[in-house]
Amino acid sequence: MVGEEAFERLRAHVLDALDRWTSAGSSALSRAVNRVDLTERVVSAAMDRGGLHELAGAMVVRCLQKVLMRHRYAGRF
């Protein structure tokens with residue numbers, strides 16, 4: 001599966017985790033944001049635009065960017 005449907009499925013999985021961490025008051029949310037390497041500006045903008053749903057999308061996009069960069073610098077592209 002590729003394209004928009006794949007993106008939305010990934011976002012849904014990430015959103016489930018974000019919802020759990022937020023409900024539990026866990027510090028896992030901040031750890032995940034740091035691990036994915038999102039800036040405060042990106043997090044704030046995502047939360048302003050669409051809350052956790054938008055943040056989940058930003059996290060998926062950033063992870064995909066990181067994969068592409070790794071492949072690029074490994075000479076696979």
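Guide: Start with a cut-off: a residue counts as buried when its relative accessible area is under 20%, as exposed when over 50%, and as partly exposed in between. Keep in mind that this is a predicted model.

Now the two helices. Helix α1 spans residues 4–23, and helix α3 spans residues 40–73. Their axes come within 8 Å and cross at roughly 120°. The two are therefore oblique to each other. The crossing is right-handed. On the α1 side, the contact includes F7, E8, L10 and R11. On the α3 side, it includes H53, E54, A56 and G57. By class, this contact has 11 nonpolar, 3 polar and 4 charged residues.

Look closely at R11, in helix α1. R11 is buried, with a relative accessible area of 10%. Leaving out residues up to four places away in sequence, R11 touches H53, E54, A56, G57 and V60. R11 also forms a salt bridge with E8, with the closest N and O atoms 3.1 Å apart. E8 and R11 are 3 residues apart in helix α1, so about one helical turn separates them. E8 is partly exposed, at 29%.

The count of salt bridges is 3. Another one joins R49 and E54, at 3.4 Å from N to O. R49 is exposed at 57%, while E54 is partly exposed at 26%.

R62 and D37 form a salt bridge too, with closest N and O atoms 3.1 Å apart. R62 lies in helix α3 and D37 in the loop between α2 and α3, so the pair ties together parts 25 residues apart in sequence. R62 has 17% relative accessibility, so R62 counts as buried. D37, at 45%, counts as partly exposed.

Key:
Residues numbered from 1 in each chain as written. Predicted model: local features only at pLDDT ≥ 70, side-chain atom pairs only at ≥ 80, totals over all residues. Heavy atoms only, no water. Axes fitted to C-alpha atoms, helices over the stretch in contact; angles between N-to-C directions. Helix = DSSP H or I, 4+ residues; strand = E, 2+ residues; numbered from the N terminus. Parallel < 35°, antiparallel > 145°, perpendicular 65-115°, else oblique. Left-handed = near helix turned anticlockwise from the far one by under 90°. Contact = heavy atoms within 4.5 Å. Nonpolar A, V, L, I, M, F, W, Y, C, P; charged D, E, K, R; others polar. Buried < 20%, exposed > 50% of the residue type's maximum accessible area, 1.4 Å probe, protein only. Salt bridge = Lys/Arg side-chain N within 4 Å of Asp/Glu carboxyl O.
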